[in-house]
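This report describes a protein structure, with attention to folds, loops and aromatic contacts. Please keep the sequence and the model at hand while reading.

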Amino acid sequence: MKSLEELKKIREQSKRELEMRDDESSFRIMVGMGTCGIASGAREVLSALVEENAKQNKVKVAITQVGCMGNCSKEPIVVIADSHKRTTTYGFVKPSDAKRIIDEHILNGKIISDLLLSEEN
Amino acid sequence: MNEWMMILLDIANNSLNANSSLVKIKIDEDCENFSFSVIDNGKGIKKENQKGLFSPFYTTRKTRTFGFGLPLLKEVVNQVEGTLFLKSEENKGTTIKVAVKKTHVDALPIGNIKDTLLTLILNSENTDICFEYRYRKNVFLLDTRDIRKALEVKKLDEPDILLWLKTYICEGIKNLGRENEIVRRT
């Protein structure tokens with residue numbers, strides 16, 4: 001059974017690893033969590049992104065939620081913003097896409113064309 | 001919304017967005033009954049706005065022109081002949097309680113508790129969440145105040161913390177023993 005003591009140890013270890021990470025490139029992943037997003041399965045997408053992100057420790061990624069972004073018919077929606085203020089919007093995202101988002105977009109800078117809704121600089 | 005946990009998440013997100021410092025979520029479940037309550041200490045709903053709460057399209061938010069959450073909740077509760085209680089006082093907070101029969105022929109499934117709780121915690125930067133889930137005689141508790149105190153942190157959005165939380169919640173829900181339940185609807 002998980003305990004707070006175990007969490008403290010994990011925290012101490014990851015703090016040391018964090019110091020070695022490249023903090024110049026960082027990303028923010030925003031998952032739409034309005035009523036439309038929730039109804040379309042955004043929770044599971046968020047959970048999968050959290051899990052996939054925890055497996056990598058090369059790039060700083062903040063995963064957050066936002067309200068309805070207006071594209072209700074294309075939910076679940078995931079918006080990725082990088083440190084150069086470029087934003088990429090993906091739609092109809094499934095939990096199984098989380099690995100591709102982290103591996104291809106975040107770690108390798110490749111846009112996932114079959115999920116892409118829009119890009120902005 | 002086709003499960004209770006989606007509805008609970010929608011309500012609890014409202015509490016988080018109402019500048020609450022603490023949101024208490026309590027779920028009670030046994031063979032036949034399911035109930036939940038969401039109690040916050042946020043800004044509450046003004047008296048003059050309370051009349052339109054359950055009207056479709058009504059909203060006081062500036063970011064959108066319609067609101068469906070509460071009207072849909074009322075509709076769903078009515079369909080399964082359950083009870084819905086809402087009380088709100090400006091600057092004191094809001095309480096919502098729902099009680100339904102799991103055996104009703106139109107009953108919604110409970111849904112994904114684990115990801116609902118994780119989503120709430122990730123959205124709770126300035127708010128503490130006190131979560132209690134009672135299934136028959138077993139109980140699962142999670143209080144973000146304990147976690148923040150233990151780690152001496154304010155934000156719980158670091159990957160390692162979230163992964164620990166996800167596993168902790170999974171194990172806690174599993175230990176309630178509700179997975180083997182069979183519900184007979186009438």
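## A proline loop in chain A

A:P76 lies in the loop between β2 (59-66) and β3 (78-82) of chain A. Helices (H or I, at least four residues) and strands (E, at least two) are DSSP runs, numbered from the N terminus. The peptide bond joining A:E75 and A:P76 is cis, with omega at about 0°.

## Basis of the model

This is a predicted model, in which local features need pLDDT of at least 70, side-chain atom pairs count only at pLDDT 80 or more, and totals for chains, interfaces and linings use all residues. Residues are numbered from 1 along each chain as its sequence is written, chains are lettered from A and ligands numbered from 1 in the order in which they are written, and side-chain values use heavy atoms, with hydrogens and water left out.

## Overall form of chain A

Chain A contains four helices and five strands, arranged along the sequence as α-β-α-α-β-β-β-α-β. The C-alpha trace spans about 45 × 35 × 20 Å along its principal axes.

Of the 121 residues of chain A, 44% count as buried. Buried means under 20% relative accessible area, exposed over 50%, and partly exposed in between (1.4 Å probe, protein chains only). Among contacts in chain A between residues at least 6 apart in sequence, 66% join residues at least 24 apart, a contact being heavy atoms within 4.5 Å. The accessible surface of chain A is about 6400 Å², and 48% of this area belongs to carbon and sulfur atoms. Accessible areas come from the Shrake-Rupley method with a 1.4 Å probe; for residues, only the protein chains shown count as cover.

The 19 positive and 19 negative charges of chain A have mean positions 2 Å apart. In this count Lys and Arg are positive and Asp and Glu negative, while His and the chain ends are not counted. Each charge is placed at NZ of Lys, CZ of Arg, CG of Asp or CD of Glu.

## Further loops of chain A

A:K85 is found in the loop between β3 and β4 of chain A. Although A:K85 is not a glycine, its phi is positive, at about 65°. The residue counts as exposed, with 69% relative accessibility.

A:P95 occupies the loop between β4 (87-90) and α4 (98-107) of chain A. Its relative accessibility of 38% makes A:P95 partly exposed. Leaving aside residues up to four places away in sequence, A:P95 touches A:E44, A:V45 and A:A48. The C-alpha atoms of A:P95 and A:K9 are separated by 29 Å, the two residues being 86 apart along the chain.

## Overall form of chain B

Chain B has five helices and six strands, which run from the N terminus as α-β-β-α-β-β-α-β-β-α-α. Buried residues make up 48% of its 186 residues. Of the contacts in chain B with a separation of 6 or more, 63% are between residues 24 or more positions apart. Chain B exposes about 9800 Å², with carbon and sulfur atoms supplying 48% of it.

Helix α2 (residues 69-79) of chain B has the buried residues B:L70, B:P71, B:L73, B:V76 and B:V77. Their cover includes α1 (4-17), β3 (83-89) and β4 (93-101) of chain B. After α2(B) comes B:E81, with a positive phi near 55°.

B:N19 lies in the loop between α1 and β1 (22-29) of chain B. B:N19 has a positive phi of about 60° although it is not a glycine, and it is exposed, with a relative accessible area of 63%.

## Aromatic pairs

The whole structure holds seven aromatic pairs over all chains. Rings of Phe, Tyr and Trp (its six-membered ring) pair if their centres lie within 6.5 Å; planes under 30 degrees apart count as stacked, over 60 as edge-to-face and the rest as tilted. B:F140 and B:Y168 form a tilted pair, 5.7 Å centre to centre with 50° between the planes. B:F140 lies in strand β6 (residues 138-143) and B:Y168 in helix α5 (residues 159-174) of chain B, so the pair ties together parts that are 28 residues apart in sequence. Both B:F140 and B:Y168 are buried.

The rings of B:W164 and B:Y168 are stacked, because their centres are 4.9 Å apart and their planes are at 10°. These two residues, B:W164 and B:Y168, are four residues apart in helix α5 of chain B and so are separated by about one helical turn. B:W164 is buried, as is B:Y168. One aromatic cluster is formed by B:F131, B:Y133, B:F140, B:W164 and B:Y168.
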